[in-house]
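I opened the model to look up salt bridges and surface patches. My notes follow.

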Amino acid sequence: MEALNLMESFIRSAQLGSFSAAARSLGLTPAAVSKNVARLEANLGLRLFHRSTRTLALTEGGERFLADAAGPFAGLQDAIAQAAQQDGEPSGVLRLSVALSFGREYLLPMLGDFLARYPAIVPDWHFDNRPVDLVREGYDAAIGGGIELTQGVVARQLAIAHVIAVASPSYMTRRRMPRHPQDLADLDGIARRSASTGRLRTWTLRNANGQEAAAECRTRVILDDPEAMAAAAKLGYGVALLPTPHAAPGLANGELVRVLPGWSAVWGPISIYYPNKKLLAPKTRIFIDFVIARFREKRLAALFDPR
């Protein structure tokens, strides 16, 4: 097992680009990871990294060794996990990446039942709005939308989210409810700026008859986070075009009302992503099945579909 520990320190350091990042993912100190890599280099008689105070880069020999060893090592880890758990319950640390507000609103309420059912699994959940590289960063799974399906990653769809127009009851009290997306031009808008492009996000809404129209409010506030947009809408700052997972809680408790009922746009699928492996770790397989079952039981796909 010592050789596996040395290999894991090397592979994770190469994938993440630093001893510090590898140490955080492995629960070790940077010094311990560096020492493990140095011992592996001594055993192999091969220098694997060029080291400096600022960078960590693979040598030519290190690149060849990583290419030859990473795949078989992952398979060996999975085989060990399978063998160790054939006669016992699933166990281990389960690393998950999930968007902050989505995880807090929809995933955390499921956690209690999961912990009770699988006490030997320790969830290690990372709440982050950025898409992660599951394979390179060592996650067991991720839940969200718009995650690129890189090589070695598969997805199972949980629901399809839509975009709808919402506002607070107080904001709409003295205003005429719009009947068509073009009527939004008379209302204050809470616009979203794309973090990747810097541009304001625009939407084309569609109704049940197939009619389409651009949704353009009079821009009053610009924000770059849908959860902040939902909060601003509840405070009465204007109309927000929100993905249904962010709008649903406010609609349910009456803090928000639907503007333009019958009009919406497709935001995209929400999926659970995981590495494509022949031997998927039992803790990961069980978690995937658990989440899919809970989405079905709670009818979240229907909740996120406003049509």
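Ground rules. This is a predicted model, where local features need pLDDT of at least 70 and side-chain atom pairs count only at pLDDT 80 or more, while totals for chains, interfaces and linings use all residues. Residues are numbered from 1 along each chain as its sequence is written, and side-chain values use heavy atoms, with hydrogens and water left out.

**Salt bridges**

I searched the whole structure and got 12 salt bridges. The criterion is a side-chain nitrogen of Lys or Arg within 4 Å of a carboxyl oxygen of Asp or Glu.

I took Arg95 and Asp124 next. Their side chains form a salt bridge at 3.9 Å, N to O. Arg95 sits in strand E3 (residues 92–98) and Asp124 in strand E4 (residues 121–127), so the bridge ties together parts that are 29 residues apart in sequence. I take helices (H or I, at least four residues) and strands (E, at least two) as DSSP runs, numbered from the N terminus. Is Arg95 buried or exposed? Arg95 is buried, with a relative accessible area of 11%.

Then I checked Arg51 and Glu41. Their salt bridge is 2.9 Å, N to O. The pair links distant parts of the chain, 10 residues apart: Arg51 is in strand E1 (residues 49–51), Glu41 in helix H3 (residues 30–44). Glu41 counts as buried at 12% relative accessibility, whereas Arg51 is partly exposed at 34%.

I also looked up Asp305. It bridges to Arg307, with the closest N and O atoms 2.8 Å apart. Arg307 is exposed, at 73% relative accessibility. Asp305 is partly exposed, at 26%.

Which residues are linked in a network of salt bridges? I noted Asp113, Arg294 and Glu297.

**Nonpolar patch**

Patches are made of residues with over 30% relative accessible area and no salt bridge; like charges are joined within 9 Å, nonpolar side chains (Val, Leu, Ile, Met, Phe, Trp, Tyr) within 5 Å. Areas come from the Shrake-Rupley method with a 1.4 Å probe, and for residues only the protein chains shown count as cover.

Leu100, Leu108 and Phe127 make a nonpolar patch of about 230 Å². I followed up on Leu100. This residue lies in helix H5 (residues 100–117). Leu100 is partly exposed, with a relative accessible area of 40%.

How values were computed
Buried < 20%, exposed > 50% of the residue type's maximum accessible area, 1.4 Å probe, protein only.
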